[in-house]
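Student: Could you help me learn to read pockets, cavities and surface patches in a protein model?
Tutor: Gladly; let us look at it together.

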Amino acid sequence: MKVLVINAGSSSLKYQLIDMTTEDVIAKGNCERIGIGGLITHKLADGTTIKEEADFPTHTEAFEKLVELLTTGEKAVVESLSEIAAVGHRIVQGGKYFSESVLATEEVIDRIASISDLAPLHNPAHVLAIRACQKVFPQGTPQVVVFDTAFHQTMPPKAYMYGLPYEYYEKYQIRKYGFHGTSHRFVTGRLGELIGGVEDKKIVTCHLGNGSSIAAVDGGKCVDTTMGFTPLDGLVMGTRSGAVDPSVILYIMKHENLSPDQMNDVLNKQSGFLGMSGVTSDSRDLIKASEEGSDRAQETIDKFRYQIRKYIGSYAAAMGGLDAVVFTGGIGENSDELRHDVCADMGVLGIKLDEEKNVELNRHEGKISAEDSRVQVWIVPTNEELLIARDTKRIVESK
């Protein structure tokens, strides 16, 4: 079975074609500048890269172009679309309605559209992509939707409710949803394969990248996470502020005479690593700037790593114990310095790194805790696309 995995944004469409017999990626790419021009970058398993300017007025034309590259020419990887058994879509926001992946029926598509206010930059684009796929693929090709929020639906009310008037929860569904759930679920499942199950384990999973979140996973189920109503909450990130006293936001809006949209832009695009350091939103450049003497860059690095330590400790307390910590994501997998700083002097929680393994296994899967560490520490590279493909295969085969 071959499954096409789609991650659609408002002006982009990322894709991977995966052979589920081997779980190998056959081809992958990104259609960019949808609605404002068009560019496709298409990569094959043999290393071949095709980059073409194109005209993408809508997501439909982007789908047509990626299908053309998959099925025609000397670099075609399938003879026809009939070889692609199903399409799996990443959906950012499922609200309170979806706690698992499902077939994209008309009712499901309408529900995804109905909660667009909860993810205005994402859900409308996901619906457009599903509709475009319906136009381009043979009628009856199954489509499956996999929600970033689904893994976090096991949180209890004490974790997801805010201390606001209850009417706002009833009227507007104001609550913590959490995000990166596909990644947190993938690394939790993979850890289970590595250690013989997680049913009796208390785990903290740290997805650290340009966007970052941490989850408390008790017995394989999420009980709390750092992102909230939107992906803005929690850790300081590349350009997102993370958690901020709400009064600060009101104060800035008042004194800078900012509209809600302008303030939203400040919090999501001008803050985080970029806003604090004044240098960059990229953690690698942040470290370089610090090494070159930037105090603000170093303060930003310290802030990020301090927050990670704090959340690990608070989630261990919330769960009443800690058996494992998992690092994943672009920063979590690739920065031995960050993992060292986060785990240093954490003996009070039973965490002790094997410093040689921490460096040796950088960018690779493996256990990096010392033999006498009561808590296991792992690097587990995430693979959200593969999880989407697996869910898609399972649901289609169970029809």
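Tutor: What follows is a short walk through a pocket, the cavities and a surface patch. This is a predicted model, in which local features need pLDDT of at least 70, side-chain atom pairs count only at pLDDT 80 or more, and totals for chains, interfaces and linings use all residues. Residues are numbered from 1 along each chain as its sequence is written, and side-chain values use heavy atoms, with hydrogens and water left out.

Student: How many cavities of 30 Å³ or more does the structure hold?
Tutor: On a 1 Å grid over the protein atoms alone, a cavity is a set of points where a 1.4 Å probe fits but cannot get out, while a pocket is an open set with protein on both sides within 12 Å along at least five of seven lines; lining residues have an atom within 4 Å of a point. Points are joined across faces, edges and corners, and volume is the space filled by probe spheres set on them. Here there are 2 such cavities.

Student: What lines the largest cavity?
Tutor: Its volume is about 40 Å³, and the lining includes Met161, Pro165, Tyr169 and Ile174. Ala, Val, Leu, Ile, Met, Phe, Trp, Tyr, Cys and Pro count as nonpolar, Asp, Glu, Lys and Arg as charged, and the others, Gly among them, as polar. By that scheme this lining has 8 nonpolar, no polar and no charged residues.

Student: Which element gives the largest share of the lining of the second largest cavity?
Tutor: Helices (H or I, at least four residues) and strands (E, at least two) are DSSP runs, numbered from the N terminus. Helix H6 gives the largest share, 3 residues. The second largest cavity has a volume of about 30 Å³, and its lining has 4 nonpolar, 3 polar and 1 charged residues.

Student: Which residues lie nearest the centre of the second largest pocket?
Tutor: They are Asp282, Ser283, Arg284, Ile331 and Ser335, among 21 lining residues. The volume of this pocket is about 350 Å³, and helices H10, H11, H12 and H13 each supply at least two lining residues.

Student: Which residues make the nonpolar surface patch of about 310 Å²?
Tutor: Leu164, Tyr168 and Tyr172 make this patch. Patches take residues with over 30% relative accessible area and no salt bridge, joining nonpolar side chains (Val, Leu, Ile, Met, Phe, Trp, Tyr) within 5 Å and like charges within 9 Å. A salt bridge is a side-chain nitrogen of Lys or Arg within 4 Å of a carboxyl oxygen of Asp or Glu. Accessible areas come from the Shrake-Rupley method with a 1.4 Å probe; for residues, only the protein chains shown count as cover.

Student: What is the relative accessible area of Tyr172?
Tutor: Tyr172, found in helix H5, has a value of 47% and is partly exposed, a class between buried (under 20%) and exposed (over 50%).

How values were computed. Buried < 20%, exposed > 50% of the residue type's maximum accessible area, 1.4 Å probe, protein only.
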